[in-house]
Amino acid sequence: MKRTILTLAALALLLGGVGQATAAPMIVNGSFETGDLTGWSGTATTDGFGYNPFGTAYGSGMDGTHWMWLSGYERERTLEQTVSGLTNGTTYAVNFIMASEFANSDSLNVSADGGTPVTFTAPPYNASGFNGGFWTVWVSKEFTFTANGTSATLQFSSFGLNSGGYDVGLDNVSIREAASAVPEPATLTMLGFGIAGLAGYGWRKRKQPVAGV
Ligand SMILES: [Ca+2]
């Protein structure tokens, strides 16, 4: 019985370790599918220059039916979300897709905790695309940062300075560790063998004659 308890304790430790390693930070409402700014803050609002649930009335290729529309020349808008569950010193990748409204759209600055922003620009619209070609060319982007603590505030900002005056779309924002800390398949396989071995050991122990114990 004592050995069984020890075996169970070892299993609990193993499984607990796996649980910790796979706990991942996440972006709330990263695809804006709530149709509003749930999970986000900043100066972006639901007016015509911050967030507009165009859905698929314009463009195609976005994730789902809602996406963020940050203004171009009209005014600067920011969109922020604080992500928790980070590991200090670990590098994370923030993935998103973006699109241009028209020929000369605004760009997006992306930063973490007020650090130096990285500027992202989407390619121009596709004139022959859906409904006049607005918002039809969605491209994947990646912003990386190293956590300085267990949480970080991510900010997406349009400049409001583009003389062309057209807007930028944002959708499908997610976060993951840039350098994978998720157990690799080989590690999981080895862990599986370990658990199977422990289970088999317990089974063999039970099958042994009780005489002499
Ligand atoms: Ca979406």
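**The four-stranded sheet**

In what order do the four strands of the open sheet stand? The order is β1-β8-β3-β6, and the pairing is antiparallel, where strands (E, at least two residues) and helices (H or I, at least four) are DSSP runs numbered from the N terminus, and two strands count as paired if DSSP finds at least two bridges between them. Because β1 (68-70) and β6 (139-146) stand at the edges with a single partner strand each, one side of each is left without a neighbour in the sheet. From one strand to the next the twist averages 35 degrees, with axes taken as lines fitted to C-alpha atoms and angles running from 0 to 180 degrees between N-to-C directions.

Within this sheet, β3 (residues 91-100) and β8 (residues 168-177) run antiparallel and are joined by eight bridges; Asn-95, for example, has Ser-174 in β8 as its bridge partner.

**The model and the chain**

This is a predicted model, in which local features need pLDDT of at least 70 and side-chain atom pairs count only at pLDDT 80 or more, while totals for chains, interfaces and linings use all residues. Residues are numbered from 1 along each chain as its sequence is written.

The protein chain has two helices and eight strands, which follow the pattern α-β-β-β-β-β-β-β-β-α along the sequence. Of its 213 residues, 26% are buried, a residue being buried if 20 or more other C-beta atoms, placed from the backbone, lie within 10 Å of its own, exposed if 12 or fewer do, and partly exposed in between.

β4 pairs in the antiparallel sense with β5 (residues 118-120) over three bridges, and the two form a hairpin with five residues between them, where Asp-113 in the turn has a positive phi of about 50 degrees. β4 also pairs in the antiparallel sense with β7 (residues 151-158), over five bridges, and there the bridge partner of Val-110 is Phe-156.
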